[in-house]
Amino acid sequence: MVKILPINDDALDEAAAVLRAGGLVAFPTETVYGLGADATDSTAVARIFEAKKRPSFNPLICHFPTLHKAWERVAADPRAHRLASEFWPGALTMVLPMRPDSGLSPLVSAGLPTAAVRVPADPRAQALLARCMRPVAAPSANRSGAISPTTARHVADSLGDAVDLILDGGPCPVGVESTILDLTGAETVLLRPGGVPEEDLSACLGTPVTPTAATAKEREALKSPGLMRSHYAPNAAVRLNAAFPGDDEVYLAFGPDAPAGALNLSERGDLREAAANLFAHLHALDTADAATIAVAPIPETGLGRAINDRLRRAAAPRENAH
Ligand code: TXA
Ligand code: MG
């Protein structure tokens with residue numbers, strides 16, 4: 001049985017010691033649970049790929065307790081400083097040029113000269129990162145391609161014994177992963193919509209962010225393999241923009257006009273509440289035995305972009321899933 005501890009000072013000390021010794025710790029962030037390892041230790045990072053059964057060419061996000069710690073490892077430009085002062089700590093990840101002396105394992109960046117960095121807002125995550133005194137590489141704590149975890153139970157069910165320790169901090173308040181921006185070129189490119197809405201980023205920068213050219217060719221080149229089309233896949237099939245469920249379907253509703261009895265992302269039609277519920281509701285419906293999950297239409301604004309992005313991936317053909 002995997003060890004699950006409620007978070008207190010002793011649990012944080014133990015978790016930091018496990019990380020420093022090259023172990024794997026799953027911990028809550030405000031977005032989703034992360035599967036953490038010491039980002040300077042290649043053997044430890046390799047264990048993440050092994051536990052997730054993730055293709056090793058997929059780079060990982062590095063987590064820091066403060067922005068100063070992040071800037072020791074990557075080179076920030078004025079855009080990065082501006083974004084960090086507005087959105088860190090928080091659900092924004094920035095891809096920046098790695099410093100030559102970054103000390104990060106090449107496995108973290110999958111050999112790229114860049115690294116994805118984030119300062120999470122969850123105070124327990126910050127406490128763990130501060131105690132461990134190492135940058136922590138952490139993808140979402142689930143098997144590669146499966147639904148992301150927003151509770152400690154999701155982590156235990158998906159990864160089990162592959163993790164040394166799970167810190168249980170209750171459900172994650174944001175519920176979708178961080179927004180990823182690529183700042184390595186002249187344009188600021190949105191690699192993944194997420195917890196910080198695109199509109200807020202554009203407002204901060206004073207210029208629109210560039211949507212990623214996620215062509216099939218680029219995905220093959222695996223510049224950002226998180227752009228793989230089929231991802232976040234439940235076992236059941238997923239049908240999008242369904243006004244009503246079919247006879248053999250379970251329904252994931254949104255808004256006040258939903259059919260009675262349906263699991264609702266937000267009865268109030270609140271996108272923030274919907275994001276927080278998204279993965280837990282998908283997990284719940286996926287165990288309901290129905291072959292298909294029908295999903296109500298979700299508005300394509302604010303956090304709705306991140307929700308629709310995850311739902312489209314959940315619904316994508318599975319041939320290339322991993
Ligand atoms: O909210 C989150 O971001 C969560 C929590 C745990 O922090 N983490 C997370 O990590 O979602 P993960 O590994 O599931 O997603 C990382 C994404 C991948 O799509 C990867 O391709 C992209 O970040 N990425 C990482 N490093 C990159 C780099 N150097 N260049 C381009 N994309 C990168
Ligand atoms: Mg993930």
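Predicted model: local features only at pLDDT ≥ 70, side-chain atom pairs only at ≥ 80, totals over all residues.
Let us start with a general point. Two packed helices are described by the angle between their axes and the distance between the axes. With that in mind, look at helix H1, residues 9–20, and helix H5, residues 123–132, which pack with their axes 9 Å apart at an angle of about 50°. That angle makes H1 oblique to H5, since only angles under 35 degrees count as roughly parallel and those from 65 to 115 as roughly perpendicular. The hand of the crossing between H1 and H5 is right-handed. On the H1 side, the contact is formed by Asp 9, Leu 12, Asp 13, Ala 15, Ala 16, Leu 19 and Arg 20. Their partners in H5 are Arg 124, Ala 127, Leu 128, Arg 131 and Cys 132. Sorted by class, the residues of this contact of H1 with H5 give 7 nonpolar and 5 charged, with no polar ones.

If you follow the chain out of H5, you come to the loop between H5 and strand S7 (136–137), where Met 133 sits. Met 133 is not a glycine, and yet its phi is positive, about 60°. This residue is exposed, because its relative accessible area is 66% and the cut-off for exposed is over 50%.

Is Ala 138 buried or exposed? With a relative accessible area of 7%, Ala 138 is buried, because the limit for buried is under 20%. Leaving aside residues up to four places away in sequence, Ala 138 touches Phe 27, Gly 34, Leu 35, Gly 36, Ile 61 and His 63. Pro 100, by contrast, is 38 residues from Ala 138 in sequence, and the two C-alpha atoms are 22 Å apart in space.

Now turn to helix H4, residues 78–87. Its buried residues are Arg 79, Ala 80, Leu 83, Ala 84 and Phe 87. Why do these residues lie on the same side of H4? They cover an arc of only 125° around the axis, and that puts them on one and the same side of the helix. The other side of H4 carries Pro 78 and Ser 85, which are exposed. As for what the buried residues of H4 pack against, the partners are helix H3 (67–71), strand S5 (92–97), strand S9 (179–182) and helix H7 (198–205).

H4 and H7 cross at roughly 125°, and their axes come within 10 Å. H4 is therefore oblique to H7. As with the previous pair, there is a hand to note: the crossing of H4 and H7 is right-handed. From H4 come Arg 79, Arg 82, Leu 83, Glu 86 and Phe 87, which meet Asp 200, Leu 201, Cys 204 and Leu 205 of H7. This contact of H4 with H7 holds 5 nonpolar and 4 charged residues, and no polar ones.

The loop between H4 and S5 contains Pro 89. The peptide bond that joins Trp 88 to Pro 89 is cis, with omega near -5°.

Further along, the loop between strand S12 (237–239) and strand S13 (249–253) holds Asn 241. Its phi is near 50°, a positive value in a residue that is not glycine. Asn 241 counts as exposed, because its relative accessibility is 56%. Ala 243 also lies in the loop between S12 and S13, and Ala 243 is exposed with a relative accessible area of 51%. The C-alpha atom of Ala 243 is separated by 28 Å from that of Pro 171, a residue 72 positions away along the chain.

H9 contributes Leu 271, Arg 272, Ala 274, Ala 275, Leu 278, Phe 279 and Leu 282 to the contact, while H10 contributes Leu 303, Gly 304, Ile 307, Arg 310 and Leu 311. In terms of class, the contact of H9 with H10 has 9 nonpolar, 1 polar and 2 charged residues.

Key:
Residues numbered from 1 in each chain as written. Chains lettered and ligands numbered in written order. Heavy atoms only, no water. Axes fitted to C-alpha atoms, helices over the stretch in contact; angles between N-to-C directions. Helix = DSSP H or I, 4+ residues; strand = E, 2+ residues; numbered from the N terminus. Parallel < 35°, antiparallel > 145°, perpendicular 65-115°, else oblique. Left-handed = near helix turned anticlockwise from the far one by under 90°. Contact = heavy atoms within 4.5 Å. Nonpolar A, V, L, I, M, F, W, Y, C, P; charged D, E, K, R; others polar. Buried < 20%, exposed > 50% of the residue type's maximum accessible area, 1.4 Å probe, protein only. Arc of directions from axis to C-beta.
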